[in-house]
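Open the model in your viewer and get ready to select residues by number.

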Amino acid sequence: MQSIIDPRNGDAEDDGSSTKRRTLLSLAGTLLSEISLPKLLAAWIALIVVPAIMLGAAPVLVSIWIGTVSSKTAALYTGLFAPIALLALLAIGWFGGKPLWRFVETNFWSLNALAVQPAYAIVREAVRQFAERFMTASADQRSRGRVRAMSATVAGVLICAFAIWVFTLVWPHTRWTGSVSDLSLPTRLIGIALCNSLAIVTAYLAAAALTWGLADTLMTQPQDFSPGPASASAEKLWRVVHLSDIHTVGERYGFRIEGGRSGPRGNNRLMQLLAKLDAIHARTPLDLIVITGDITDAGRSTEWAEFLDAITYYPRLSELTVILPGNHDLNVVDRANPARLDLPLSPKMRLREVRALAAITEVQGKRVRIFDDESDQSGASLQKSLEPLEEQIAEFADSGAMRLSWRLANVWAQSFPMILPPQTPDGLGVILMDSNAETHFSFTNALGLVTTEQIHAADKVFAQFPNAYWIVALHHHVVEYPKASKALSERIGTALINGSWFVRRMQRHGKKIIVMHGHRHIDWIGRCGELTIVSAPSPVMDVTDDKDTYFYIHTLGGGPDGRFTLFTPERVVLSGALNPVSQPPAAAVRRKDPQSNASTNEPHTAKEAL
C-alpha cells in the first residue's frame, strides 16, 4: 500500500527546533511568540534580582548589627558582666554570620556565572569574530593565534571601561551603612541593595575582565596537532575508543532535535557502531570506551532505556564503558519547544539529574568513585555513595514532588567529578567531569561551566596518584578551534564559559593528562602548550541515513620520560546504507551478568599493541 505521506520520513513538526532546517531568526521568532512571560519574569527575579538584593543588602545589614552591638554594650554597666555580654553578642554574630557569609558568597558567584563570566565570553568571541573577518582564508595558525590573543586583551579593556562607567554612575546612589530604622522601609532598602550590588559586580567585573583578558592573551594559543605512529619506546599502550554525542532517541523512527529531517532516524547507526566495536574488540582487545556526553537527545526516560538496552546487548563493551552527561542529557526542558523554561524551584531539572545519575550508575556505578572532601582523595564507589538515598530517589522519580527535590538538591554536584582510578600506580585513570551550566531555558541549554570544586578535586586526585596517566573527560569544548571563524551564535551559544581558565589549570598537569571532549561534533586534535586536547565527531549527527559517519580508536602511551602521548588514531567508518544494522546479531543478545562490573582498563604490553 502506498501512502500519500510516509510517516517514517517525518514532517515539518520534526524540524520544530532544528538548527539545520531553520534559521536562528526563525527559531527566535518562535521563541518570542510562545514564551511564557510570567514564568520568564519569575525566573529573572529568582536568578538575578534576589541574589543581587542579598549581595547588596549584606553590608548594610552587617553595619546595622555592629551599630546595635555597640549601643547595647555602651548601655551595659561596667564590671564583669559587660565583657561577658560583649563576647556573647560577638559569638552570636560569628555563628550567625557564617551562614550569612555563605549565602552572600553563593549569591555573588551565582551572579558571576549568570552575568559576569558570560558577558566577558560574549565580548571576547565577538571581538575575535570581527577580527577574523579581516583575515584571509590562507592565514596560518600562528597568525590566527596572535589575533585571538590580542582580541582577548581588547575584550578585557572594553569590558573594564564599560564596568568603570557604570560604577561611576551608580556609586552616588550606594550606601554601605545603615540603622535599625532602615528596616522599617523595605522598598528603600531594596533600592539601596540593588545599587550596592551593581557597584560590587561592576567593580569586580572591571578588575576581572582585565585579569581574564591578560591571562587569555598570555596563554598558549591552540594549535593543530598531528600524532605520529606508536613508538617502540612506549612502555605502556592503551587502546581507547572516544565517542561523543550519540543522541539516542526513544522512538524507532524518531528524529533528533538539532538535525530534524537533516539527520538520521532512530538508533540504527548506534547499533551499527556497537556491532562494529564488538567485532574489533574480538580481534584486537580494547582497554576503554569513553563517551563524552549527549548520550541521549533530550534526557527522557525512553531515551536512556534505549541506550541501556543497546549496550546490554554487548556486555564485553559495557564493562569497558564510562559515560558523562552532556547538555542534551540535562538541560533540554522541552524538545519540541525552545521557548519552554523551568522555574528555578521546579523539580523538573532535579528529575533529569536523578534520571541521568541512575543510568550512569547502572553503567559504571561499581567502577567509578566520587571525591571525598574529608580525606581529599577518591572515596567510595558511586553506587555505594548513593545506596542511602536509593529510596528517596525512587520516591522522587515516582512523584516528582518539590519537597523531595529539595532533599536531593546536592546529590548531583557531590557526584562529580567521577573517578575511574588506575589499576596500578603508573596505570591509566579517567576523571569524568560535569561541564553543564545550570540553565532553565531550552534556548540556552548548550552553555557550559566547570565548577571550582571539580578542579580542586582533580588536583587532589592527581596528587594521590602521582605516577598515573589521566584522561580528563568533559562534554564542552575547552577552546575555540584554530580554524576559520564559525557563526558568532555558535561560538557564544555553545561555549564553556570558563574554558580558558580550565585550560590554564589543566596545563599544570599537561605532561600527564589528555583532555577529551565532544559537544560541537567537530573532529579535531590539538595542543595548548603541553596540554593535548581531543575533540570527538558525532557518529550519528549532521548527516542523513545514507551518508557515512565515523569515530576514532586512539592509542595512548606512557613513555620512559613519564609523558602521556597520543599516537595516530584509527578511523572507523560507519556505512551510510539505506537499511543499516537495526538489531545486534543473535549471538550478541545476552543479558549482562549483574555481578560482573570489574574494571578492565589494564594496558596491553607495548609489544602486543604494536
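**Stop 1: the loop between S10 and S11.** This is a predicted model. Select His 521, which lies in the loop between S10 and S11. Is His 521 buried or exposed? With 13% relative accessibility, His 521 falls under the 20% cut-off, so it counts as buried. Now check its backbone: phi is positive, about 65°, although the residue is not a glycine. Most residues other than glycine have a negative phi.

Stay in this loop and select His 519. The loop runs between strand S10 (513–517) and strand S11 (524–528). His 519 also has a positive phi, about 85°, and is not a glycine. Its relative accessible area is 8%, so His 519 is buried.

**Stop 2: His 247.** Go to the loop between strand S2 (236–243) and helix H6 (268–283), where you will find His 247. His 247 has 0% relative accessibility and therefore counts as buried. Which residues does His 247 touch, leaving aside its neighbours within four places in sequence? Show Arg 256, Glu 258, Asn 267, Asp 294, Ile 295, Thr 296, Asp 297, His 328, His 521, Val 540 and Met 541. His 521, from the previous stop, is one of these contacts.

**Stop 3: a cis peptide bond.** Select Phe 416 and Pro 417. The peptide bond from Phe 416 to Pro 417 is cis, and its omega is near 0°. Most peptide bonds are trans. Pro 417 sits in the loop between helix H14 (411–414) and strand S7 (418–420).

**Stop 4: H4 against H5.** Two packed helices are described by the angle between their axes and the distance between the axes. Color helix H4 (residues 141–170) and helix H5 (residues 186–218). How do their axes cross? They come within 8 Å and cross at roughly 165°. Angles over 145 degrees count as roughly antiparallel, so H4 is roughly antiparallel to H5. The crossing of H4 with H5 is left-handed.

Next, show side chains at the contact. On H4, pick residues including Ala 149, Ala 152, Gly 156, Cys 160 and Phe 167. On H5, pick residues including Leu 198, Ala 199, Ala 206, Gly 213 and Asp 216. The contact residues of H4 and H5 divide into 18 nonpolar, 5 polar and 1 charged.

**Stop 5: H15 against H17.** Move to helix H15 (residues 452–464) and helix H17 (residues 499–507). Their axes are 11 Å apart, at an angle of about 10°. That angle is under 35 degrees, so H15 is roughly parallel to H17. From H15, show Thr 452, Ile 455, Asp 459 and Phe 462. From H17, show Trp 501, Phe 502, Arg 505 and Met 506. This contact of H15 with H17 has 5 nonpolar, 1 polar and 2 charged residues.

**Stop 6: Thr 361.** Select Thr 361 in helix H10 (residues 348–364). Thr 361 counts as buried because its relative accessibility is 15%. Where does its side chain point a polar atom? A polar atom of the Thr 361 side chain lies 2.7 Å from the backbone oxygen of Leu 357. Not counting residues up to four places away in sequence, Thr 361 touches Leu 382, Gln 383 and Leu 386.

**Last stop: zoom out.** Show the whole protein. It has 18 helices and 16 strands. Of its 610 residues, 50% are buried. Among contacts with a separation of 6 or more, 77% join residues 24 or more positions apart.

Terms used: Residues numbered from 1 in each chain as written. Predicted model: local features only at pLDDT ≥ 70, side-chain atom pairs only at ≥ 80, totals over all residues. Heavy atoms only, no water. Helix = DSSP H or I, 4+ residues; strand = E, 2+ residues; numbered from the N terminus. Buried < 20%, exposed > 50% of the residue type's maximum accessible area, 1.4 Å probe, protein only. Polar contact = N/O pair within 3.5 Å; in protein donor to acceptor, adjacent residues only side chain to side chain. Contact = heavy atoms within 4.5 Å. Axes fitted to C-alpha atoms, helices over the stretch in contact; angles between N-to-C directions. Parallel < 35°, antiparallel > 145°, perpendicular 65-115°, else oblique. Left-handed = near helix turned anticlockwise from the far one by under 90°. Nonpolar A, V, L, I, M, F, W, Y, C, P; charged D, E, K, R; others polar.
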